[in-house]
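Me: I am new to this structure and would like to learn how its features are read, one after another. Could you take me through them slowly, with the general idea before each case?

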Amino acid sequence: MTENWIHESLYPTWCQSFKIEKMLIEKKSAFQDIKLFETAYHGRVLLLDGVVQVTEKDEFPYHEMITHVPLLTHGAAKRVLIIGAGDGGVLRHVLMHRTVEKAVMVEIDADVIDLSKQFMPQIGGASWDDPRADVIVGDGIAYVAKAEDASFDVIIVDSTDPIGVGEVLFTDAFYQECARILSPRGIIVNQCGVPFMQSEELEVTSRRRRQFFPHVSAYVVSMPTYVGGFMALGFASKDAHLTLPATSEIAARAQAAGLNGDSFYWSPDVQHAAFALPPYIGRCLPQR
Ligand code: SAM
């Protein structure tokens with residue numbers, strides 16, 4: 001291929017490639033290699049250490065599902081902790097819920113925040129300046145180790161893969177602290193990769209979460225630029241009886257939260273159906 005193509009370097013034997021219209025930023029931050037470029041179809045694309053994090057074109061399935069599902073399953077979440085997510089997409093979607101009183105976001109790399117604000121401003125939108133938002137530059141594991149017991153209702157982990165700086169967010173120590181700082185009905189959702197290519201990510205981390213959470217499951221989202229079929233989002237809650245709400249209940253909670261039917265992927269039916277796992281994914285979960 002010609003030199004204005006870029007190849008994702010996540011897997012040793014398979015990759016997706018983008019034709020670059022214009023390279024906007026290429027830099028090494030204190031934590032990772034950052035590339036942000038313009039494409040004709042996907043809009044602007046952010047790569048960290050050679051791995052696609054977000055594209056303007058398909059950010060919506062991931063952000064809607066990683067956010068609306070835990071908040072509406074909980075049903076009364078007021079305090080939300082977001083780990084990673086430097087592009088601002090999770091923060092924006094969390095703050096769409098008028099029922100949320102406080103959203104703390106802890107991202108390790110200030111460059112990811114600054115460059116996302118500068119080059120992909122609509123992903124975070126006005127959420128950066130929302131008075132309910134508290135954006136902290138720091139390591140997620142250090143933050144959870146110091147946070148008070150039962151201080152959050154929902155934790156959303158929008159991390160890089162378990163390589164490099166994101167690795168600590170997939171450890172026993174991290175999940176144990178998350179369980180401690182969640183309120184009694186608390187829920188944690190983690191990005192767990194694409195099981196067709198990365199089944200261990202869901203298998204190993206679900207086993208780890210199971211040590212600290214009585215209820216562990218997962219749900220799926222189809223993300224075009226996380227190639228390899230469904231992506232898995234790990235779901236764990238402290239309340240074993242917190243079951244999947246009926247579709248009508250999800251719809252009622254969404255309305256109360258002020259979600260105005262302007263989503264592109266999430267809907268009450270999609271939320272419910274997302275927990276129906278193809279067996280090759282379901283088998284990655286701890287069997288009772
Ligand atoms: N949606 C993307 C995905 O699933 O591939 C992830 C996007 S988001 C940009 C991931 C962010 O996690 C990155 O900005 C990275 O800097 C941040 N991150 C990685 N390790 C971290 C840590 N230990 N504490 C806080 N943030 C971290």
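Me: Which residues form one aromatic cluster?

Reply: A pair of aromatic rings is described by the distance of the centres and the angle of the planes. Rings of Phe, Tyr and Trp (its six-membered ring) count as a pair if their centres lie within 6.5 Å, and the pair is called stacked with planes under 30 degrees apart, edge-to-face over 60, and tilted for the rest. In this structure, Tyr219, Phe235 and Phe275 form one aromatic cluster. This is a predicted model, in which local features need pLDDT of at least 70 and side-chain atom pairs count only at pLDDT 80 or more, while totals for chains, interfaces and linings use all residues. Residues are numbered from 1 along each chain as its sequence is written, and side-chain values use heavy atoms, with hydrogens and water left out.

Me: How many aromatic pairs does the structure hold?

Reply: The structure holds eight aromatic pairs. One of them joins Tyr143 and Phe152, whose rings are tilted, with 6.4 Å from centre to centre and 55° between the planes.

Me: Is Phe152 buried or exposed?

Reply: Buried means under 20% relative accessible area, exposed means over 50%, and partly exposed lies in between, with a 1.4 Å probe and protein chains only. Phe152 counts as buried because its relative accessibility is 2%, whereas Tyr143, at 22%, counts as partly exposed.

Me: Which charged end sits over the ring of Trp128?

Reply: A charge sits over a ring if NZ of Lys or CZ of Arg is within 6 Å of the ring centre and within 35 degrees of the ring normal. Over the ring of Trp128 sits the charged end of Lys117, 4.9 Å from the centre, and Lys57 lies over the face of Tyr41, at 4.5 Å from the ring centre.

Me: What volume does the largest pocket have?

Reply: Rolling a probe the size of a water molecule over the atoms shows where empty space is left. On a 1 Å grid over the protein atoms alone, a pocket is an open set of points where a 1.4 Å probe fits, with protein on both sides within 12 Å along at least five of seven lines, and lining residues have an atom within 4 Å of a point. Grid points are joined across faces, edges and corners, and a volume is the space filled by probe spheres set on the points. The largest pocket here has a volume of about 630 Å³. Of the 42 residues that line this largest pocket, the closest to its centre are Leu48, Gln53, Ser159, Thr160 and Asp161.

Me: Which element gives the largest share of that lining?

Reply: Helices (H or I, at least four residues) and strands (E, at least two) are DSSP runs, numbered from the N terminus. The largest share of the lining of the largest pocket, three residues, comes from E6. Val52 is found in strand E6, and Val52 is buried because its relative accessible area is 4%.

Me: Where does Ala85 lie, and what is its phi?

Reply: Most residues other than glycine have a negative phi, and most peptide bonds are trans. Ala85 lies in the loop between E7 and helix H2 (89–95), and its phi is near 65°, a positive value in a residue other than glycine. Ala85 is buried, with a relative accessible area of 3%. Ala150, in the loop between helix H5 (140–146) and strand E10 (152–158), also has a positive phi, near 50°, but Ala150 counts as partly exposed at 31% relative accessibility.
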